[in-house]
Amino acid sequence: MSTPKNPKRKKMVSDILINGSLFLLVALWIIPTIGLLVSSFRTRFDIQTSGWWAVFPHREWVKVKEFAIPENVDPNGVMEIDGVTGTFQEFRDGVSTPDGRKVTWVGNKRLGKIQIQEHRWVMRTDFTLDNYQQVLAGKSFELKNPDGSTRIVQGDNFVGAFLNSLTVSIPATVIPILIAAFAAYGFAWMRFPGRRILFIMVVALLVVPLQIALVPILQDYVKLDLNGTFLALWLAHTGFGLPLATYLLFNYISGLPRDILESAFIDGASHFTIFTKLILPLSVPALASFAIFQFLWVWNDYLVALVFIGSKPDVQVLTMRLAEMVGSRGNDWHLLTAGAFVSMVLPLAVFFGLQRYFVRGLLAGSVKG
Amino acid sequence: MQKNNSGKRPTRVLDWLATTFGRVVVSLVVPVVTLGILIVGFRWLRDTIPDNNVQKALISLVAIIWGVGGAAMLYMLSNWLIEKLSPQWVRRLQPFVFVGPAIAILGWYLALPTVRTFWISLHNRDGSEFVGLQNYVAVFTQRIMLEAFRNNLLWIVFGATLSVTFGLLVAVLADRSRFETLAKSLVFMPMAISMVGAGVIWNFIYEVKDAASPQIGLLNAIWVGLGHEPQAWTALLQPWNNLFLIVIVIWLQTGFAMVIFSAAIKGIPQELIEAARVDGATEIQVFFKIMLPYIRGSVITVATTIIIFTLKIFDVVIVMTGGQFGTHVIATQFYRQAFTNQNKGYAAAIAIVLLIAVIPVMVYNLKQFREEEAF
């Protein structure tokens with residue numbers, strides 16, 4: 001009787017074990033991002049005085065009453081306040097009353113106040129959009145303080161940086177793919193002297209880390225007065241992305257069925273027509289997979305932008321602006337978290353929207369070595 | 001007849017002249033106009049400074065169209081010029097329209113710089129004096145560089161091993177769970193986050209406050225909750241503070257490892273695993289004796305890819321510590337020497353050493369990739 005039951009129970013136990021450990025791992029993986037996201041909506045005061053997890057229900061000592069220090073007590077001796085006794089130091093830490101409250105001396109000996117606190121369930125959910133406003137704005141603007149007064153703050157102009165990132169990333173994604181697709185077609189379907197050698201060279205360049213190129217290319221850019229322009233970054237990202245793009249697209253395009261091309265040739269189509277009308281549409285899956293990778297890579301790049309844009313604030317991309325903020329105001333967590341989230345929002349949208357292509361590209365080897 | 005002929009001949013010659021002349025003119029005018037438009041566009045984009053973000057958005061749009069359209073136009077233009085020639089020349093020259101731009105850009109951005117960087121590395125800081133291998137001697141003897149090499153080794157060992165381990169773990173668990181898609185997509189998500197962004201996220205986790213104030217960093221809150229003193233995780237306990245930076249890359253790369261492993265595990269014939277289970281193999285044995293050997297190739301691919309990634313690690317270190325507290329790595333030293341210290345020769349030598357370190361791993365990676373025939 002018990003034998004048929006046992007495997008069922010065993011299966012249930014292993015199910016719980018598997019899903020439980022999986023849940024734990026996943027939680028470990030997303031908690032950092034959640035902490036960032038939650039914090040970006042909290043007020044500066046809240047962030048500085050409590051961890052972001054305080055937005056969840058938790059027990060905290062909450063002030064229920066506050067009054068001035070009674071005149072008859074001697075702060076240097078043992079005092080009796082509100083029915084409990086203790087020294088100054090003990091009151092500073094809080095003295096518990098029999099009914100579960102706490103009497104706390106806030107401030108120094110002479111100018112302090114007495115607070116009666118209760119242990120209550122609370123949630124710190126004082127959310128705000130001010131952080132985003134301040135991070136995004138390009139100009140200075142007025143911000144309301146909690147007490148109703150206003151102050152002028154200078155925006156960090158993440159909108160401008162966002163536009164720059166977009167202006168860098170879109171052409172720096174499309175151009176290398178266009179060039180790589182042409183080259184891949186050339187290597188796969190055209191006959192010309194030096195074809196093999198040139199292709200081997202392209203693949204061999206996969207090993208070159210981009211650090212190799214930074215110093216000489218910067219010299220060229222300075223000579224050509226290209227430094228700090230979008231074109232400089234597009235070309236650099238094109239150069240650094242091309243070996244992998246060409247290699248992957250070659251693998252795909254050379255694998256397309258031969259007879260499609262041959263029948264097109266017989267119909268008198270030129271290579272250019274075949275490429276634009278036939279090969280490009282057929283290669284959309286491979287192009288899309290690589291495009292996502294290149295886009296994320298360029299959007300998230302810091303080093304190339306740092307070297308070729310340098311200190312030009314007009315052209316700074318998001319990663320540079322964010323890194324700069326880490327350096328200059330590393331403790332303003334309300335701004336850092338909001339800024340970081342602004343820099344992440346587009347790649348995350350691309351990632352979740354096009355995950356299928358992303359995974360396909362990954363399996364095809366679209367990872368920059 | 002004669003009249004007719006004589007009347008026709010000049011016309012023909014004229015026609016011929018006109019068409020040839022016309023063709024030449026058109027062949028000249030069109031490229032000149034195209035290039036002119038592109039150059040004017042470039043100048044305008046470079047020199048226009050927007051007053052506000054609306055103008056900036058418009059300029060961005062123009063820049064994107066200029067860039068993408070310009071690249072497409074150059075291809076169309078060169079192909080249009082080539083196709084004006086005789087078929088024989090078309091056949092000879094067209095391949096170079098296709099592969100030429102790629103070769104030119106690769107030559108400029110990767111092939112030549114390798115030679116040029118090597119040349120620079122044999123010279124002193126501003127390139128005025130030939131110093132032979134002196135920079136390389138310095139790279140391999142100076143304490144800061146040795147520290148960077150040690151740190152990169154830590155990155156490779158811990159980064160690659162733990163990413164692979166966690167990737168395998170998640171892949172195997174998810175494969176047997178109902179929540180596979182969701183779990184995988186959440187673990188995978190950090191791959192979309194920049195290393196600068198990840199640096200901010202983890203800096204916040206490692207944030208330290210003095211013992212009297214509430215800890216707002218998650219790690220210190222837990223640590224203090226367990227009754228310890230708050231710690232500055234990325235600054236103390238050298239060299240182990242590097243591990244707190246390495247965690248970030250593990251967090252970023254586990255998703256990548258998981259996706260590759262997950263696909264590989266799904267490729268294992270189900271009968272093989274079933275047969276082993278019927279024979280009484282435990283799950284652990286199934287994993288180590290059947291799954292792991294079967295997906296060995298993927299493990300190598302992932303490990304080598306992450307090793308190359310960690311060899312070139314830069315952003316994380318710059319954002320987290322700036323290389324302080326004994327956390328410099330090869331790439332940050334390169335940056336510091338090249339752009340802060342302006343010691344080009346020394347920086348070039350570091351870059352060449354990095355290249356040499358990457359080559360064997362990359363070759364192995366490519367070989368493995370070809371064997372897998374992933375595409």
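Where is the place of A:D225 in chain A? I come back to that in point 6; here are my notes on this predicted model, in the order I would go through it.

1. Let me start with the contact between the two chains. Chain A brings 118 residues to this contact and chain B brings 104. About 10000 Å² is buried between chain A and chain B, and 79% of that area comes from carbon and sulfur atoms. On the side of chain A that touches chain B, the residues split into 83 nonpolar, 30 polar and five charged.

2. The polar side of the interface deserves a look as well. Between chain A and chain B there are 17 residue pairs in polar contact, both residues at pLDDT 80 or more. The interface also holds two salt bridges. One of them joins the side chains of B:R116 and A:D220, with 2.8 Å from N to O. If you want an element to start from, take helix α5 of chain A, residues 158-189: with 17 residues, this helix gives the most to the side of chain A that touches chain B.

3. Beyond its neighbours within four places in sequence, A:Y221 is in contact with A:L226, A:N227, A:A232, A:L235, A:A236 and A:F308 within chain A, and with B:W108 and B:Y109 from chain B.

4. A:Q117 sits in strand β6 of chain A, residues 113-122. A:Q117 counts as buried because its relative accessible area is 12%, under the 20% cut-off. Leaving out neighbours within four places in sequence, its contacts are A:W61, A:V62, A:K63, A:V64, A:R101, A:K102 and A:T104. For a sense of scale, A:Q117 and A:S21 lie 96 residues apart in sequence and 40 Å apart in space, C-alpha to C-alpha. In chain B, B:T321 belongs to the loop between α13 (315-320) and α14 (330-340). B:T321 is buried too, at a relative accessible area of 6%.

5. Now back to the opening question, with a backbone check for you. A:D225 is found in the loop between α7 (211-224) and α8 (230-253) of chain A. Its phi is near 60°, a positive value in a residue other than glycine. With a relative accessible area of 47%, A:D225 is partly exposed.

6. B:Q342 lies in the loop between α14 and α15 (344-372) of chain B. B:Q342 counts as partly exposed because its relative accessibility is 43%, between the 20% and 50% limits.

Methods. Residues numbered from 1 in each chain as written. Chains lettered and ligands numbered in written order. Predicted model: local features only at pLDDT ≥ 70, side-chain atom pairs only at ≥ 80, totals over all residues. Heavy atoms only, no water. Contact = heavy atoms within 4.5 Å. Buried area = accessible area lost by both parts, 1.4 Å probe. Salt bridge = Lys/Arg side-chain N within 4 Å of Asp/Glu carboxyl O. Polar contact = N/O pair within 3.5 Å; in protein donor to acceptor, adjacent residues only side chain to side chain. Helix = DSSP H or I, 4+ residues; strand = E, 2+ residues; numbered from the N terminus. Nonpolar A, V, L, I, M, F, W, Y, C, P; charged D, E, K, R; others polar. Buried < 20%, exposed > 50% of the residue type's maximum accessible area, 1.4 Å probe, protein only.
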